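Thanks, everyone, for making the time this morning.

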Amino acid sequence: MSKPGRCWPGGRASAGFSLIAVFFFLRDRRPRAARYALALALSLGTVFSVGRMMQGAHFLSHNIWTLLFDWVICLGTYRLVLYRPAQAPVPTR
């Protein structure tokens, strides 16, 4: 048995919340599908979070931090790999 207080962040919640990456992948190409993917990721992460909280393994704050970590990692990866700024229109005379 591990020592008390060594259960942060939530691993099972992270498995659900990591699907936020699908949202960022679809964000620019298929916005509607991206919203569904985000809803699925948040729902699955929440179900996993609540399950572990009911078992007494995690506090709500552990799962919120897990969501924040996953969001920031996915956002940073999106920004570095997939993001393309909109090109300014070229003025014509």
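Let me begin with a term: a residue is called exposed when its relative accessible area is over 50%, buried when that value is under 20%, and partly exposed in between. Please keep in mind throughout that what you see is a predicted model.

With that cut-off in hand, consider Ile-73, which sits in helix α4 and, with a relative accessible area of 55%, counts as exposed. Ile-73 belongs to a nonpolar surface patch of about 760 Å², which is made by Trp-8, Trp-65, Leu-68, Phe-69, Trp-71, Val-72, Ile-73 and Leu-75. As general background, nonpolar side chains in soluble globular proteins tend to be buried together. For the surface as a whole, the accessible area of the protein chain comes to about 7200 Å², and carbon and sulfur atoms account for 66% of that area.

Turning inward, 24% of the 93 residues in the protein chain count as buried. Which residues touch the most other members of the largest nonpolar core? In that core of 13 residues, they are Ile-20, Phe-23, Phe-24 and Leu-26. At least two residues of this core are supplied by each of α1 (11–17), α2 (20–26), α3 (31–54) and α4 (60–81), and the largest share, five residues, comes from α3. If we leave aside residues up to four places away in sequence, Ile-20 touches Leu-38, Ala-41, Leu-42, Leu-67, Trp-71 and Cys-74, and Trp-71 is also one of the residues that make the surface patch.

As for charged pairs, the count comes to one salt bridge, and Arg-27 forms this bridge with Asp-28, their closest N and O atoms lying 3.3 Å apart. Both partners are partly exposed, Arg-27 at 36% relative accessibility and Asp-28 with a relative accessible area of 46%.

Finally, the overall fold: the protein chain has four helices and zero strands, and its elements run α-α-α-α from the N terminus on. The radius of gyration of the protein chain is 18 Å, well over the 12 Å that the globule rule gives for 93 residues, so the chain is more spread out than a compact globule. Taken along the principal axes, the C-alpha atoms fill a box of roughly 75 × 25 × 15 Å. Among contacts between residues at least 6 apart in sequence, 76% join residues at least 24 apart.

How values were computed:
Residues are numbered from 1 along each chain as its sequence is written. This is a predicted model: local features need pLDDT of at least 70, side-chain atom pairs count only at pLDDT 80 or more; totals for chains, interfaces and linings use all residues. Side-chain values use heavy atoms; hydrogens and water are left out. A salt bridge is a side-chain nitrogen of Lys or Arg within 4 Å of a carboxyl oxygen of Asp or Glu. Buried means under 20% relative accessible area, exposed over 50%, partly exposed in between (1.4 Å probe, protein chains only). The radius of gyration is taken over C-alpha atoms; the globule rule is 2.2 Å times the number of residues to the power 0.38. Contact means heavy atoms within 4.5 Å. Accessible areas come from the Shrake-Rupley method with a 1.4 Å probe; for residues, only the protein chains shown count as cover. A nonpolar core is a set of buried Ala, Val, Leu, Ile, Met, Phe, Trp, Tyr and Cys residues joined through side-chain atoms within 4.5 Å. Patches are made of residues with over 30% relative accessible area and no salt bridge: like charges are joined within 9 Å, nonpolar side chains (Val, Leu, Ile, Met, Phe, Trp, Tyr) within 5 Å.
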